[in-house]
Amino acid sequence: MNIEIFDEQAGNETLTVAALVNLAPSDIAIEQRVPGVFGRAFELKSWYRAWRSRRQTEQSAEPKRMTVEAVDEFQAVIPWDQLDQAVFLYEQDGQPLKKGFPIRLYVPDGSSECLNVKSVVKIRFEYGSSPEEATYGFKNVVTLDELKLKK
Ligand SMILES: Nc1nc2c(c(=O)[nH]1)N[C@H]1C(S)=C(S)[C@@H](COP(=O)(O)O)O[C@H]1N2
Ligand SMILES: [Mo]
């Protein structure tokens, strides 16, 4: 399963998990960052910088927030300054994830455990403005009232 990267400055790219991991300067045992969780992970921010420098040479400002979206359309929008310790878990016991495949985000500095998004398939780096708080939930949830209105 591929992962789509969207970046308003550096452009878009679709990568396999192996290609993502290959680019990562820092590969760690996740229990060092997230006690109680095991497996191999790579750091978000150092990964992002390596990816971006491969895309474009000129220096530019860092994003203000990251939005990740999962297979089940769960998504989280996280201010850049909550992401210093963030990692993506990609392997456990030498195998692809059984829960959270293809990759799972962990945000140790984040405001909520709900930000540990499983099965991430889209990652957006955004520059507009930093949200005051991280937000999360299912995209495009249609309420019963909205359904009734549509008739
Ligand atoms: N893709 C996806 N990731 C998700 C969720 C979800 O519904 N879908 N729920 C979030 C919430 S609200 C919590 S509390 C944690 C629960 O993680 P767990 O399944 O490891 O207990 O996953 C988060 N990641
Ligand atoms: Mo949650």
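Here is a short walk through this structure, from its ligand to its surface, its backbone and its salt bridges. The model is a predicted one, so please read each value below as computed from that prediction.

Let us begin with ligand 1. The residues around it are Ala70, Asp72, Phe74, Lys99, Arg104, Glu113, Cys114, Asn116, Val117, Lys118 and Phe138. Sorted by class, this shell holds five nonpolar residues, one polar residue and five charged residues. Asp72 places a polar side-chain atom 2.8 Å from a nitrogen atom of the ligand. Arg104 also uses its side chain, with a polar atom 3.0 Å from an oxygen atom of ligand 1. With Asn116 it is the backbone that takes part: one of its polar backbone atoms is 3.1 Å from a nitrogen atom of the ligand. On its own, ligand 1 has 530 Å² of accessible area, and the protein covers 65% of that.

A cis peptide bond joins Phe101 to Pro102, with omega at about 5 degrees. Pro102 lies in the loop between E8 and E9. To put this in context, most peptide bonds are trans, and most residues other than glycine have a negative phi.

With that background, which residue has a positive phi of about 75 degrees although it is not a glycine? The residue is Glu73. You can find Glu73 in the loop between E5 and strand E6 (74–79), and at 36% relative accessibility Glu73 is partly exposed. Ser119 is another residue other than glycine with a positive phi, here near 50 degrees. Ser119 sits in the loop between E9 and strand E10 (120–126). Is Ser119 buried or exposed? Ser119 is buried, because its relative accessible area is 17% and the limit for that label is under 20%.

Lys64 has its place between helix H2 (44–55) and strand E5 (65–70), and is partly exposed at 37% relative accessible area. The C-alpha atom of Lys64 is separated by 18 Å from that of Tyr106, a residue 42 positions away along the chain. Glu132 is in the loop between E10 and strand E11 (135–138), and counts as exposed at 78% relative accessibility. Glu132 and Val120 are twelve residues apart in sequence, and their C-alpha atoms are 23 Å apart in space.

Finally, we come to the charged pairs. Side chains of opposite charge can pair when their charged atoms come close. How many salt bridges are counted in this model? The count comes to nine.

Take the pair of Arg54 and Glu13, whose side chains meet with an N to O distance of 3.2 Å. Arg54 lies in helix H2 and Glu13 in strand E2 (residues 13–15), so this bridge ties together parts that are 41 residues apart in sequence. Arg54 is partly exposed at 46% relative accessibility, whereas Glu13 is buried at 17%.

A second pair joins Arg40 and Asp27, with their closest N and O atoms 2.6 Å apart. Arg40 belongs to strand E4 (residues 40–43) and Asp27 to strand E3 (residues 27–29), so the parts tied together here are 13 residues apart in sequence. Arg40 is partly exposed at 31%, and Asp27 is partly exposed at 34%.

Asp84 lies in the loop between E6 and strand E7 (87–92) and Lys45 in helix H2, so the pair links parts 39 residues apart in sequence. Asp84 is partly exposed, with a relative accessible area of 43%, while Lys45 is buried at 9%.

Conventions:
Residues are numbered from 1 along each chain as its sequence is written. Chains are lettered from A and ligands numbered from 1 in the order in which they are written. This is a predicted model: local features need pLDDT of at least 70, side-chain atom pairs count only at pLDDT 80 or more; totals for chains, interfaces and linings use all residues. Side-chain values use heavy atoms; hydrogens and water are left out. A residue is near a molecule or strand if one of its heavy atoms lies within 4 Å of it. A polar contact is a pair of N or O atoms within 3.5 Å; within protein, one must be able to donate a hydrogen and the other to accept it, and residues adjacent in sequence count only if both atoms are side-chain atoms. Accessible areas come from the Shrake-Rupley method with a 1.4 Å probe; for residues, only the protein chains shown count as cover. Ala, Val, Leu, Ile, Met, Phe, Trp, Tyr, Cys and Pro count as nonpolar, Asp, Glu, Lys and Arg as charged, and the others, Gly among them, as polar. Helices (H or I, at least four residues) and strands (E, at least two) are DSSP runs, numbered from the N terminus. Buried means under 20% relative accessible area, exposed over 50%, partly exposed in between (1.4 Å probe, protein chains only). A salt bridge is a side-chain nitrogen of Lys or Arg within 4 Å of a carboxyl oxygen of Asp or Glu.
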